Amino acid sequence: MIKIVTQLLLFLLPWKLRRFFFSKFFHFEIAKTAHIGYSIILAHKVILKEYARIGHLTFCKQIDLLEMDDYSNLGTRNYITGFSTKNPDFPHFRHLPNRKCVLKIGKHTGITSRHYFDCNGGIYIGDNCQIAGFETAFLTHSIDLKNNRQDAESIIVGNYSFIGTRCTLIKGATIPSYSVISACSLVNKKHTISNALYGGVPCRFIKSLENYKFFERREGKVY
């Protein structure tokens with residue numbers, strides 16, 4: 001609660017002073033060209049590399065790590081949650097000694113607004129990706145009904161992937177590089193075919209994609 005109140009008070013300061021306080025007292029690693037809007041970021045470790053940006057009204061709970069590579073962009077009103085591995089008294093996930101509660105976003109990757117990131121098993125998004133539209137959910141944990149316990153597994157999104165609006169990705173999901181996931185799809189397993197369109201509930205391979213300029217661009221934004 002103290003961290004939340006402190007960050008709210010920091011909203012009154014210009015960005016250069018806010019960045020100083022984030023670095024000095026919260027130990028965030030923020031490049032001089034990076035920027036955080038009016039958002040609450042409570043991750044234990046934060047790394048924002050050159051020109052990385054977080055928009056307004058995004059809320060990040062106390063996950064272990066939020067890392068954004070060069071020119072990555074996390075838009076407005078996103079919600080990032082998870083239970084840190086740094087709490088030894090937390091009863092969940094004890095059967096997963098190597099669990100990482102992280103969100104890592106690659107270079108030139110853009111994430112729009114109102115998406116949900118459950119980071120308990122780790123979310124790894126590659127370079128030059130676009131998480132488009134709104135209300136896509138990344139869910140890295142669920143209840144293992146057979147063993148009656150909470151279970152978690154990472155979600156991996158390969159380079160140059162495009163994810164349409166209102167998709168759901170659940171624990172263990174992998175999207176290969178150079179892939180397109182159509183709107184409102186459910187990704188519930190590891191896919192392996194690159195340069196492909198996937199879609200449906202559950203998500204399945206639909207067709208190969210060749211000579212798509214989206215897969216050739218050198219910067220994240222699409223104008």
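The protein chain has an accessible surface of about 11700 Å², and carbon and sulfur atoms account for 56% of that surface. The model is predicted. Its secondary structure comes to two helices and 25 strands.

**Overall form**

- The C-alpha trace of the protein chain spans about 50 × 50 × 25 Å along its principal axes.
- Among the 223 residues of the protein chain, 48% count as buried.
- Taking the contacts in the protein chain with a separation of 6 or more, 31% are between residues 24 or more positions apart.

**The open sheet**

- Nine strands make up an open sheet with mixed pairing, and their order is β2-β5-β8-β11-β14-β19-β22-β24-β25.
- The edges are β2 (35–36) and β25 (204–208), each of which pairs on one side only.
- In general, strands of a sheet pair through backbone hydrogen bonds, either parallel or antiparallel.
- Strand β8 (residues 73–74) runs parallel to strand β11 (residues 110–113), with two bridges between them; here N73 stands opposite G110.
- Strand β11 is also parallel to strand β14 (residues 130–134), to which three bridges join it; G110 stands opposite Q130 in that pairing.
- Further along the order, strand β19 (residues 162–163) and strand β22 (residues 179–181) run parallel and are joined by two bridges. I163 has I181 in β22 as its bridge partner.

**A hairpin**

- Strand β16 (residues 141–144) pairs with strand β17 (residues 149–152) in the antiparallel sense, over four bridges.
- Within this pair, I143 stands opposite Q150 of β17.
- The two strands β16 and β17 form a hairpin, and four residues lie between them.
- N148 is in the loop between β16 and β17, and its phi is near 55°, a positive value in a residue other than glycine.
- N148 counts as exposed because its relative accessibility is 66%.

**Nonpolar cores**

- The largest nonpolar core has 44 residues, of which L103, F117, F138 and L169 touch the most other members.
- Elements that each supply at least two residues of this core include helix α2 (15–25) and the strands β4 (45–48), β10 (102–105), β18 (155–157) and β24 (196–199).
- Leaving aside residues up to four places away in sequence, L169 touches T136, A137, F138, L139, I155, V157, I163, I175 and V187.
- Another core, of six residues, lies apart from the largest one; Y160, V180, F214 and F215 are among its members.

**Cysteines**

- A disulfide is a covalent bond between the sulfur atoms of two cysteines.
- The whole structure contains zero disulfides.
- C101 is in no disulfide, and the nearest cysteine sulfur, which belongs to C119, is 5.7 Å away.
- C101 counts as buried because its relative accessibility is 0%.
- For C184, the closest cysteine sulfur is in C167, at 6.7 Å, which is too far for a bond; the cut-off for a disulfide is 2.5 Å between the sulfur atoms.
- C184 has a relative accessible area of 46%, so C184 is partly exposed.

**Single residues**

- Most residues other than glycine have a negative phi, and most peptide bonds are trans.
- N211 has a positive phi of about 60° although N211 is not a glycine.
- N211 lies in the segment after β25 and is exposed, with a relative accessible area of 72%.
- The peptide bond from V201 to P202 is cis, with omega near -5°; P202 is found in the loop between β24 and β25.
- F20 is located in helix α2 and is partly exposed, its relative accessible area being 46%.
- From F20 to T58 the separation is 38 residues in sequence and 20 Å in space, C-alpha to C-alpha.

Key:
Residues are numbered from 1 along each chain as its sequence is written. This is a predicted model: local features need pLDDT of at least 70, side-chain atom pairs count only at pLDDT 80 or more; totals for chains, interfaces and linings use all residues. Side-chain values use heavy atoms; hydrogens and water are left out. A nonpolar core is a set of buried Ala, Val, Leu, Ile, Met, Phe, Trp, Tyr and Cys residues joined through side-chain atoms within 4.5 Å. Buried means under 20% relative accessible area, exposed over 50%, partly exposed in between (1.4 Å probe, protein chains only). Contact means heavy atoms within 4.5 Å. Two strands pair if DSSP finds at least two bridges between them. Accessible areas come from the Shrake-Rupley method with a 1.4 Å probe; for residues, only the protein chains shown count as cover.
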